[in-house]
Amino acid sequence: MLIQQLNHSTLRAVVQKYLVMLAEYDLNTAEHSLRMADTAVQFAKFLKLSPPMIQLIYEAAILHDIGKIRIPKSILNKPGPLNNDEWQIVQQHPRWGVEILQAVNGFENILTAVLYHHERYNGSGYPEGRQGRMIPFSSRILSIVDAYEALTADRSYRAALAEGQALQVIRDGQGVCFDPILTEAFLSQWNVAPNGRLKYIKWLRSETVERGI
Ligand SMILES: [Fe+2]
């Protein structure tokens with residue numbers, strides 16, 4: 001899958017370069033990011049976002065975890081639970097991602113999406129503990145897709161969840177980890193929240209300021 005994506009015409013050379021860097025450091029993270037990018041684009045199209053916004057979501061999904069190349073492999077691939085010090089290091093990866101991407105031209109529009117992809121709707125996330133709509137729209141999309149892709153993939157400590165179980169975990173995180181309206185819209189793609197898209201469209205009309213962020 002990785003090779004196919006590397007030849008994808010929509011993948012800009014500069015994105016490709018950083019993706020290769022990530023794949024060389026940790027193939028699992030790179031493959032997770034590519035799966036996430038596909039799902040994120042599907043979701044962004046479902047949300048009827050503009051083509052530039054879809055492109056932004058795509059590139060941000062591919063590179064959201066680029067900061068993990070600064071996490072020592074002993075921590076990144078640790079099979080057991082992380083201790084406090086290790087967890088502090090892992091929590092640096094959104095900021096490290098921004099530092100890495102800031103060093104070159106062309107990534108300005110994805111920096112906030114990357115920085116806030118681990119924020120939670122109730123303010124319990126990192127790096128800043130932002131809450132609700134203080135979290136950028138793009139990051140709120142990424143966090144749902146990130147969780148869904150992580151849940152439906154095999155991990156060293158557990159097998160992949162079935163789709164229905166993963167969707168239930170997303171549902172449980174509605175308003176806690178994830179934006180409630182975007183969660184509803186995400187779930188409605190599988191017809192488990194039949195009014196989700198309608199609610200989203202109504203909400204989008206009342207929140208035009210948020211469009212394109
Ligand atoms: Fe991450």
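From the N terminus on, the chain runs α-α-α-α-α-α-α-α-α-α-α-α, which gives twelve helices and zero strands. Helices (H or I, at least four residues) and strands (E, at least two) are DSSP runs numbered from the N terminus. The model is predicted: local features need pLDDT of at least 70, side-chain atom pairs count only at pLDDT 80 or more, and totals for chains, interfaces and linings use all residues. Residues are numbered from 1 along each chain as its sequence is written.

Helix α2 packs against α3 and α4. Axes are lines fitted to C-alpha atoms, for helices over the stretch in contact, and angles run from 0 to 180 degrees between N-to-C directions.

| Pair | Angle | Axis distance |
|---|---|---|
| α2 (residues 13-25) and α3 (residues 27-46) | roughly 135° | within 5 Å |
| α2 and α4 (residues 51-63) | about 20° | 10 Å |

The angle with α3 makes α2 oblique to that helix, and the angle with α4 makes α2 roughly parallel to α4. Angles under 35 degrees count as roughly parallel, over 145 as roughly antiparallel, 65 to 115 as roughly perpendicular and the rest as oblique.

Contact requires C-beta atoms, placed from the backbone, within 7 Å. Leu19, Leu22 and Ala23 in α2 touch Leu27, Thr29, Ala30 and Ser33 in α3. On the α4 side, Val15, Tyr18 and Leu19 of α2 meet Glu59, Ile62 and Leu63.

Of the contacts in the chain with a separation of 6 or more, 57% join residues 24 or more positions apart.

Note on methods. Contact = placed C-beta atoms within 7 Å.
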